[in-house]
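Please prepare a short briefing on how the parts of this model meet, both within one chain and between chains.

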Amino acid sequence: MTRSRVFLLLGVATVLAAAAPLGCRRSDEGKQVIRVTRNIGGREGFRIHFEAWKATFEKQNPGWTMELVDLGNAEGSEFYKSRIATGDLPEVVMTWQLAKMLADSGHLVPLSDDYYTKFGIPAPPPYKGKRYTTQSGTQVQGIAVNKKMWNDVGITEPPKTWDEFLAGLRKLKAKGYMPLTYGGKDWTAHMPLAYGVATNLYHDRPAPGQPSLTQRRDQRKVLFATEPTMRVILKNVIDLLDEFAPKGCASDGYNEEQRDFYTGKAAAWIMGCWIGGDVEPNKVDFEIEYWPIPTMTGKAPLFLQTSEIPNGWAITTSASGEKLGKARAAVEAFYDAEVYQLFLNGESQVGLASKVPAKGPKSTWPSAQKFFDSMVANTATYGTTPGFHIALDDFPPQNFMVTLGAVCQEILAGNRDMDKLLKIIDDEWDAGRKGE
Amino acid sequence: MTSAHPRRKRLPILEGVLLLAGLAVISPCFLAVVNSLKTLPEIIRSPLALPTSLNLDNYAYIFTGVDLAGSMLNSLLMCAAVILAQIVFGSMAAYSMMRRRMWGGRFLRVFFLAGLAVPFQIIMIPLFKEFWLLGIHTTYFALWLHYVSWGLPLCIFIYSGFMATIPRELEEAAAIDGCGPVATFWRIVFPLLAPCTVSIIIFWGLWIWNDFMQAFILMGANKGHLAFVQLYRFLSDQYVKNWNAIFAGVVVLSAPVTLLYVIMQRRFVKGLTAGSFR
Amino acid sequence: MALDLVRTAAPPRPLPRRPGRTLPAWSASAILCGPAVILYAGFMVLPAILGAYYSLTQWNGWTSTARFIGLENFRELAGDDRFWTAVRFTLFETVLVVAFFTFASLLLAVLLDKVRRLKGLIRGLFFYPFVLSILVSALLFQYLANYREGAVNVLLRWIGLGAWAQDWMGDPDLVPYFIFGLVAWSGLGFFTTLYLANLQTVPAELYEAAEIDGAGPLRVFTRIQFPMLLATITTNSVLALITGINLFGQIVVTTQGAPGYRTVTIGYYIYQLGILNNRQGYASAVSVATFLALVAVACVQVALLRPRTVSL
């Protein structure tokens, strides 16, 4: 065998071997693509909205399409970080509080003020002088209740204190109902504790110039282990889980909670307002109301409101050249009246865009509309607090919710050592800050 | 593989017990198949009962809801591409290190051997970064590079061990006839390595087909175009733990392997354990 | 074992060669070894070295500046409660896994060896779970373990033992056994087969002699089979050790470290730190430390078992 033949053979083998994986089928060839992230995670309302958004964008921008990058039930920080490492961030990303991380690493393209004035959106608080996000709507968090069951035990108004709330749950249990649906496995585990922290430790907006609890904690002026209110919160959550966490819930997650509540099994669900968007797709046929969160420290019940931080979708630096214009077109298509209405329906949010005819969530499905009405009415009656969603600088470290979830799981596991539990929160806070 | 027990003693009780134990071991798989033909309420009501009717809805759901067929094809292509490279490069390297006087041959043997112990964690992130620098991040090509380099130590190990059984006379004869080392290898030695090659095909074919973790991490959760990553995405996306759909997916993805296993069980087992029993 | 290949391979004799049209030796070596070496060095060795380098830095994994901080990560590691909890859990699982794969598989292999009639079928049944992907086994086990709808609990309730129904995956006392069960189920066939293969090599004469002597099965085992199996016992225990220490995929698909952080293994902790918590430098330090420890333990294990290996 001659040398050249050997090389030829080797070359052919290598090329063949390498070409096969390269030839593996990819999706979405042909059209120009703007990739958009969204956490669909089994929520039909979200999916319906995205389809409409995509259709509108395609109509307005022939030859272009929007590709969904589905983050499932995750918030995407993991995904974004890995994509940043490889320089392959999608063109339009949903930010939540990650706007800070993304902006700090220089991956966001600011939105000019005319974007906000065009649609009448209150400009979100700037981050380091710039604004990046679509600032979608008013998201509130409270407690969803099965009205009939609560009426059945004689409670027609939202409980005024946490103790009243627990008393109500006891009555429900005595009547034979499942008082609470709760999943201890996934991200849902943190909800009761997160509510407790946000509505009690961050109840009052700090006066201008005064640091928030987050900032004081970062400066170590206060620790969760030493803050007396934190112990009250923890004790109350322990009581709640002790008495009312369904047996076996440590292996249940968001999906099981959905199933329990929408099939009319559970009387109460501690979850954010976006559940309203799934009422119609799940054909719920009973009345649901949305109640404020009772506090544990004697203050009036209220809802948690998460709209004050820069939120919504943002354009990333992956959208360069022609794509930049198209990405901007995509985030403008978001505020198309029909698309925005579907967004409000899916997320169950009140609209923030004064120039867009969609004002609040709507549904022809009676149960869903009643839920929306209850949410809007109660929010107006009881008011809201931004909790730690005051500004990006007041946001806890990224792992904070996971930590709170872990603490709840520890409680489910029987851990009652408050010092240990609080130490976990403190240690994880510090570790979380180290990674930023 | 026949045992050396001289007389075939009949031990019916032992055999019966072991048979039952074996059936118990695969009972979860049996549950998966049976339950994939039921609806969700049926499963919840009676997991062990046989389905009331052959309900193929779940399979339809799996194939329409997620591009499982396409992803299976991708996995197959990836398997083929990786195995081809591993067989070609691995056998050549093993031959060169074991049978030729090569400068650095001893060093290379240790070099490759060390790779058997490296855990994925250590190289996970630097590899990611390296692919980015090369501009091939999250592509199938990058995953292919990883799989091939990951599998080379074991391939070389298996081939090396077998190499000693090839009689040198054959090589000498070839050399006298005028074959250079490379030609000698391909013409004479490689065909004799067939048992090893088969083992490797089976071992790595199965491994890559089944692989979830490394594909998931290196290609990212949202490029779910290899079979199991696709299934994982599909599952984490679901409203309810649709056990019926999960089982249908599990059955579909495990079917090719199961079929091959049933047909060529002996070969399969030999192939999978060849590397370790030395 | 593997090391034998390095030590005892006979130095190759140079082959007679006709000068002229054939390739010179070095270029033949380059062609033969080149691709493998390049791929391996480039995509296994280089990242490993980089990984070791990153362990000496503070780096969050997605900005490009990794700040060199010397052994600071290792110092932190020494005092990291979460790490040591993960180590304890991993060791617990590893002990279970090693014990099971070394001894239970051995027992099973000896029993299977005696079977004649349905040999292929029975062995096939035990081996089958090994052929399934981690994702599949984990899902199957999750289904079995689910508190409300899982097969185990539904069965228990059906036969009236509902009181015994547990949250197999959520109860912190039970979840280590859940994970162990998953690993054991998947791997049993593999390790058993290795023992079986070794058992094939026992010469028939030994069995015949034992029968003539009137030895019962127990003596046959202790005097004949066990000594012959020592090499495989060593191999299996090391493989089981590696399996146990590297437990990671199973955790990702089932518990993700829950409840609390109690099922976080070392591998999962590295993943959490690196990918979820942005601490790549520290994660690299943990993986380097673990790797070194694993190598040390494996060496000790092999050294302890080696002298006892009987060669025939």
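Between domain 1 and domain 2 of chain A there are zero salt bridges, a salt bridge being a side-chain nitrogen of Lys or Arg within 4 Å of a carboxyl oxygen of Asp or Glu. The model is predicted, with local features needing pLDDT of at least 70 and side-chain atom pairs pLDDT 80 or more, while totals for chains, interfaces and linings use all residues. Residues are numbered from 1 along each chain as written, chains are lettered from A and ligands numbered from 1 in written order, and side-chain values use heavy atoms, without hydrogens and water.

**Domains of chain A**
- An automatic or database assignment gives domain 1 (3-137 + 310-362) and domain 2 (140-306 + 386-435).
- The C-alpha centres of these two domains of chain A lie 30 Å apart.
- Contact (heavy atoms within 4.5 Å) joins 21 residues of domain 1 to 15 residues of domain 2.
- The buried area (accessible area, 1.4 Å probe, lost by two parts on being put together, summed over both) is about 1400 Å², with 56% from carbon and sulfur atoms.
- On the domain 1 side, Arg43(A), Gln97(A) and Lys100(A) lose the most area to domain 2, together 32% of what that side buries.

**Chain A with chain C**
- Chain A contributes 37 residues to the contact and chain C 32 residues.
- About 3000 Å² is buried between chain A and chain C, 50% of it from carbon and sulfur atoms.
- Six salt bridges cross this interface.
- One salt bridge joins the side chains of Lys434(A) and Glu76(C) at 3.2 Å, N to O.
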